[in-house]
Amino acid sequence: MGRRGENIRKREDGRWEARVVKGAPRGGRTNYKYFYGKSYRDVKQKKMKFLMLLEKQGAVAEDMPALAGQTDGAEELRFRQIVEEWLAAKQPGVKESTLACYTTMAEAYILPKLGDLAPVEIDAAVLSAFLTEQKEHGRQRDGGVLSGKTLADLRMILMQILCFAKTQGMIRTVPDCPAVSVHQAAPGVLTKREQALLEERVLAEDNPFSLGVLLSLYGGLRIGEVCALKWCDFDRGNGTVSVSRTIARIADLDASSPSRTKLVIGPPKTDCSIRLVPLPAPVFRYLMQCSRDDSAYVVTGTARYMEPRVCRERYKCLLRRAGISGHTYHSLRHTFTTRCVENGVDMKSLSEIMGHSDVRITMQRYVHPSLDAKREQIEKLPCFDAGGQNRGLKSTPGS
């Protein structure tokens, strides 16, 4: 059956076919150009590229979006079509989890507000109003303030879509997409007392799950990396752990799937995240005392993995038993970096252990001096004594 108004249909041989009116009828017959492909997206992309080429050449085709108008059932180009084409173009070159993230963001935020607009209607003012609205009321679960990271990701995706549209000839210029400032709450870092309480609880419980907590606290591993870790990833001779996999639950883009989401096990989020992490000797020795078969997952002790959602819930319960509140699992990663900085670990080494591509990411996102560290630094200042005598301060006339 053909797609209404698009001249795209699925053939009996399983292939998809799209057709475009190339020019004026000859001898009473319409002159068509045909495109074939394995999927609807494939032939639609071929058709759109041809239409853009006709536009550049000054031709007018019956199906040409935004130029020929509503002719013979053809529909004017809308922003949602550009988004769909961008997603189709992205598919071959990105990880499945990345494509799922892009698709979810587009469907949840972009298409409901901007999808039905014509490309010429999307300018700097529209984009600014859209981002401001998302900032203030964009949170999906309750319409509250959208997180700074989600807003930044949303802006990045919009810019990619608009740049793609320009390269494909769908728009002439890329409108400015203004940044929207959002206050980011400082990420949680365990105090030294909280860390001691947590370690005491972990050692007392002595189970496979607690080993994952130690790996995040003393190696900076992300929750998905911990869940995907197996005992074969440890190097007993060098006291290191190899991070090469992660577990994540992503949107299932297969329309025939009965589930909306699925679990995937694959490489970490970036190439830099594939890394070798050295562990403190006492921690590594303790882990080796608890080791299981090489094929077993560390946090379960069996051949069956634990998904991150379950890991988060178990961590919340562990914190309650330790008498600690107000921290997420990711706080362990922030705590690891903070303790490293407090103890003089050089930034380049720390950045590589964390799996960052740039030292600045480590500095800006994860390094948060504790109150004790700030106090230690401030005590280095020369100061007057209680009797009013200066110690090391040099005053000058008029100062």
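A: A residue is called buried when its relative accessible area is under 20%. Glutamate 307 has a relative accessible area of 12%, so it is buried. The model is a predicted one, and what follows should be read as a description of that prediction.

Glutamate 307 sits in a loop, the one that runs between α9 (281-289) and α10 (308-322). Leaving aside residues up to four places away in sequence, its contacts are Cys227, Arg249 and Leu263.

Glutamate 225 is part of helix α8, which spans residues 223-228. Its relative accessibility is 2%, and since the cut-off for buried is under 20%, glutamate 225 also counts as buried. Its side chain makes a polar contact of 2.7 Å with the side chain of arginine 222. Once residues up to four places away in sequence are set aside, glutamate 225 touches Val243, Arg245, Thr246, Pro268, Ser273 and Arg275. Back along the chain, glycine 212 is 13 residues from glutamate 225, and the C-alpha atoms of the two are separated by 9.5 Å.

Valine 243 has arginine 275, in β8, as its bridge partner. Strand β5 covers residues 240-243 and pairs with β8 in the antiparallel sense, over four bridges. These strands belong to an open sheet of three, ordered β4-β5-β8, with antiparallel pairing.

Most residues other than glycine have a negative phi. Aspartate 206 has a phi near 50°, a positive value in a residue that is not glycine. This aspartate lies in the loop between α6 (192-205) and α7 (208-219).

Further on is helix α12, residues 347-354. Its buried residues are Met347, Leu350, Ser351, Ile353 and Met354. Viewed down the axis of α12, they fall within an arc of 160°, so they line one face of the helix. An α-helix has 3.6 residues a turn, so residues three or four places apart point the same way. At the start of α12, a side-chain oxygen of aspartate 346 comes to within 3.3 Å of the backbone nitrogen of lysine 348. Glycine 355 follows α12 and has a positive phi, near 85°.

The second largest pocket holds about 470 Å³ of space. Its lining consists of 21 residues, and Arg41, Thr103, Asp252, Leu253 and Asp254 are those nearest its centre. α1 (40-56) and α3 (96-114) each give at least two residues to this lining, and α3 has the largest share, with five.

As for the chain as a whole, it has 14 helices and eight strands. Of its 399 residues, 40% are buried, glutamate 307 and glutamate 225 being among them. Taking contacts between residues at least 6 apart in sequence, 59% join residues at least 24 apart.

Key. Residues numbered from 1 in each chain as written. Predicted model: local features only at pLDDT ≥ 70, side-chain atom pairs only at ≥ 80, totals over all residues. Heavy atoms only, no water. Pairing = 2+ DSSP bridges. Buried < 20%, exposed > 50% of the residue type's maximum accessible area, 1.4 Å probe, protein only. Arc of directions from axis to C-beta. Polar contact = N/O pair within 3.5 Å; in protein donor to acceptor, adjacent residues only side chain to side chain. Contact = heavy atoms within 4.5 Å. 1 Å grid on protein atoms, 1.4 Å probe; cavity = no way out; pocket = protein on both sides within 12 Å on 5 of 7 lines; lining within 4 Å. Points joined across faces, edges and corners; volume = space filled by probe spheres on them.
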